[in-house]
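Please look through the notes below with the structure open beside you.

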Amino acid sequence: MPTGFDPAAAFGAAGAVDEEDEDSEGDDEAKEAEAPDHVDLDLVMDVPVTMQVVLGSATMPVANILKLGRGAVVKLDTKVGDPVDVVVNGRIVARGEIVVIDKEEQRFGITLTEVAKPGSKLQARNSRAA
């Protein structure tokens, strides 16, 4: 051990601890780690993330893809009224329905119908599972 090294000071202990105190101290630390009193989300509010709304998918041979040109229509596996997935950084975080916001400017939006709870994630729909 190096000269002048104090293990109690290095690990934050103020002296010898008996086994009962050590167990209860460990439980307190575990509780603090599980449920912090206050989480400061301001630290991550400016972090950019990528959000996508997945309308559907299609499977076709490469030969057909090469034939696609301007104005081509690709039939997706999703029907009108089917829920669409909201994906943030590759993870499905919500589902919703497409709505028309402004017919004149041809803008669309999404009405959320299902949102994942913190710490959980929504499963991909079977038709879109890859």
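1. The model is predicted. Keep this in mind when reading the values that follow.

2. A nonpolar patch lies on the surface, made up of Met51, Val53, Leu55, Ile65, Leu68, Val74, Leu76, Ile98, Val100 and Phe108. Together these residues have about 860 Å² of accessible area. Two strands, β1 (51-54) and β3 (91-102), each supply at least two residues of the patch.

3. Methionine 51 belongs to strand β1. Its relative accessible area is 54%, so methionine 51 counts as exposed, the cut-off being over 50%. Leaving aside neighbours within four places in sequence, methionine 51 is in contact with Val86, Val87 and Val88. The C-alpha atoms of methionine 51 and valine 93 are 9.7 Å apart, while the two residues are 42 residues apart in sequence.

4. Valine 53 is also a member of the patch and is found in strand β1.

5. Aspartate 85 sits in strand β2, which spans residues 84-88. With a relative accessible area of 3%, aspartate 85 is buried, since buried means under 20%. The side chain of aspartate 85 is joined to that of arginine 95 by a polar contact of 2.8 Å.

How values were computed: Residues are numbered from 1 along each chain as its sequence is written. This is a predicted model: local features need pLDDT of at least 70, side-chain atom pairs count only at pLDDT 80 or more; totals for chains, interfaces and linings use all residues. Side-chain values use heavy atoms; hydrogens and water are left out. Patches are made of residues with over 30% relative accessible area and no salt bridge: like charges are joined within 9 Å, nonpolar side chains (Val, Leu, Ile, Met, Phe, Trp, Tyr) within 5 Å. Accessible areas come from the Shrake-Rupley method with a 1.4 Å probe; for residues, only the protein chains shown count as cover. A salt bridge is a side-chain nitrogen of Lys or Arg within 4 Å of a carboxyl oxygen of Asp or Glu. Helices (H or I, at least four residues) and strands (E, at least two) are DSSP runs, numbered from the N terminus. Buried means under 20% relative accessible area, exposed over 50%, partly exposed in between (1.4 Å probe, protein chains only). A polar contact is a pair of N or O atoms within 3.5 Å; within protein, one must be able to donate a hydrogen and the other to accept it, and residues adjacent in sequence count only if both atoms are side-chain atoms. Contact means heavy atoms within 4.5 Å.
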